[in-house]
Amino acid sequence: MSDALIAVKPEIAAKARIDAAKYRAMYEQAEKDPDGFWRGEMNRIAWMKAPTKIKNVDFHGDVSIKWFEDGVLNASVSCLDRHLATRGDQVAIIWEGDDPKSDAKVTYRQLHAQVCRLTNGLRELGVKKGDRVCIYLPMIVEAAVAMLACARIGAIHSIVFGGFSPDSLASRIQDSECSVLITADQGRRGGRTVPLKTNADEALKQCPSIRHVVVAKNTGGDVPMQAGRDIWWSDLCDRQKDTAEPEPMGAEDPLFILYTSGSTGKPKGVLHTTGGYMVWASFTHENVFDYRDGEIYWCTADVGWVTGHTYIVYGPLANGATTLMFEGVPNYPSVSRFWEVIDKHQVNIFYTAPTAIRALMREGEAPVKKTSRKSLRILGSVGEPINPEAWLWYYRNVGDERCPIVDTWWQTETGGILISPLPGAIAQKPGSATLPLPGVKPALVDGEGKIIEGAAEGNLVLLDSWPGQMRTIYGDHARFGQTYFSTFKGMYFTGDGARRDADGYYWITGRVDDVINVSGHRMGTAEIESALVAHPKVAEAAVVGMPHDLKGQGIYCYVTLKSGEEPTEALRKELVAWVRKEIGPIAAPDAIQWAPGLPKTRSGKIMRRILRKIAANETDGLGDTSTLADPTVVQDLIENRVG
Ligand code: 6R9
């Protein structure tokens, strides 16, 4: 139904930086001569010493990924210093508060000065190149300042989303042994406060590596400060000079770590380095959003996720854009908020997530139609597959059929967008991420790793490297190889499944591993299971994703209690609260089913395929159940399905 092609509009093609022919030429050149192609693109960022070596990659053996390896640069210079002469007084960041009455504008010159002050402050606290600094901040300008100050020092930042619990924060700090934490008194979201400093204090009981805590005053809420450890941001920074030398960094020196969930074990510290990541951030931000000088660009993500890293901070600032940073939520104080902010700041490019679109779609057209949105030129989507219905609603109602939608497929691991329409070059199909960007070689493979050609469905892999690719898992290179390059030898496995149609367009079907995508947030089912079994009354738990109208996927938990424990409504509520506390509100279960037993193979492996089907209420086709140790448990689970 949705395979209908929405052609590139002539007025967009006419002005396009990249039209269809140019896209094909770029794609071909990047494939045939990657060194030449990326040598031509690398000067979009500022180098202290230009690289002479471009690509040096091996997906086999120990896996080694290097780009621009003999180049020297500092990411903060590309984002700040080099703009001062040409656009020092241009607004770099428009900050829009949770409260519609609060906003602020920060020019490139002001941002540069703030970053330099914090750079000097952190250096005074002993932070140096290679140290890890944890950032646990709300969506305030200080978050961007903190990232760029770390980059300026060459310290590796590790941002933890403000919605994560003290335990989740602690385990991330411990894994990379951060020495400094940058946080705020409190955050604000939808009229409520988020107790960041209190959470941090709780987390830090388990974090001996932290020597200093820098606290930004945001709400002015009363928070305890620990003498000798905690210092207010303003006390540290106000007395500093507003210039600071940027540390010369090798292209392959780390820029940041960002923890993300996988199918097994603890979250992985995805490590990105400096040169390749910055080139990719700039290249994709400019071309996918067709960013033009002077435009106002708004990505609604949180800086705690990779989208916030690449498309609120590094990409837009490298390109000298004006980037909007929003502290709030789509439905506060009303469900028109997004559209009102677009009118207020005359936003030209708007990039959000399908879960937000679906939630706003439920409210009908009136809250959208009462706003103008005439400034909009390009719309974007990211985080999960967008269903054609939501795509069309977004296209018709938000963009008035005037604005192309770029449905951008990528991952924390990929650093930036890999598959997406280019507004002036690639016709759209509602629900399809369409075609790969120049330099990206996707393929579909079957279960044995054999490449499938033509129109087909399979596992989505990438056959070659692109500059923004992650380089390793922090502190565990063996796990990097194991996780991404061992399922299909010599290929990067994305963990996603996809379909390719007769036009070569990709349709991402979702994760094929034990990762679920709740409102665009990645959760490992193993993490939720281990939180559940940590409860004293729980014997065993199995967690799967289930279809959910708004969130894309919901969290469905099968819980076996210890003998003698009663499955009560009170206990169900207690377990939901328990998981929220252990991991964070984003991991709160949507359904808990009491399971006297779990379907297991004779070797004791839980058959998740069956559990997924029951959760989705697709019990007609359970498939082969002959390997079950005890087939009767399945009947019980079907009869007592919740929801
Ligand atoms: C950027 C980001 C990555 C996973 C990815 C896939 C899903 C992201 C998508 C999409 C379909 C899109 N995903 N964008 N699925 N269409 N346009 O979201 O990173 O948090 O690491 O999640 O999200 O399943 O594998 P991350």
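1. **Ground rules.** This is a predicted model, in which local features need pLDDT of at least 70 and side-chain atom pairs count only at pLDDT 80 or more, while totals for chains, interfaces and linings use all residues. Residues are numbered from 1 along each chain as its sequence is written, and side-chain values use heavy atoms, with hydrogens and water left out.

2. **The ligand shell.** The ligand is surrounded by 17 residues, the closest being Asp407, Thr408, Thr412, Asp496 and Arg522; a residue is near a molecule if one of its heavy atoms lies within 4 Å of it. By type, the shell holds six nonpolar, six polar and five charged residues. In this grouping Ala, Val, Leu, Ile, Met, Phe, Trp, Tyr, Cys and Pro are nonpolar, Asp, Glu, Lys and Arg are charged, and the others, Gly among them, are polar. Helix H11 (306-318) and strand S26 (506-511) each supply at least two shell residues; helices (H or I, at least four residues) and strands (E, at least two) are DSSP runs, numbered from the N terminus.

3. A nitrogen atom of the ligand lies 2.8 Å from a backbone N or O atom of Thr408. On the oxygen side, a polar side-chain atom of Arg522 is 2.8 Å from a ligand oxygen, and a side-chain N or O atom of Arg511 is 2.9 Å from an oxygen atom of the ligand. The protein covers 96% of the 530 Å² of accessible area that the ligand has on its own (Shrake-Rupley method, 1.4 Å probe).

4. **Helix H11.** Look again at H11: 13 of its 13 residues are buried, so the helix is largely enclosed by the rest of the structure. Buried means under 20% relative accessible area, counting protein chains only. Just after H11, Gly320 has a positive phi of about 70 degrees.

5. **The core.** The largest nonpolar core has 163 residues, and Leu111, Leu118, Leu122, Ile182 and Tyr314 have the most contacts inside it. Such a core is a set of buried Ala, Val, Leu, Ile, Met, Phe, Trp, Tyr and Cys residues joined through side-chain atoms within 4.5 Å. Helix H6 (residues 141-153) gives the most to this core, eleven residues.

6. **Two loop glutamines.** Gln469 sits in the loop between strands S23 (456-462) and S24 (472-473) and counts as buried at 1% relative accessibility. Gln428, in the loop between strands S20 (405-407) and S21 (442-445), is buried with a relative accessible area of 5%. A polar atom of the Gln428 side chain lies 2.7 Å from the backbone nitrogen of Ile405.

Definitions and conventions. Polar contact = N/O pair within 3.5 Å; in protein donor to acceptor, adjacent residues only side chain to side chain. Buried < 20%, exposed > 50% of the residue type's maximum accessible area, 1.4 Å probe, protein only.
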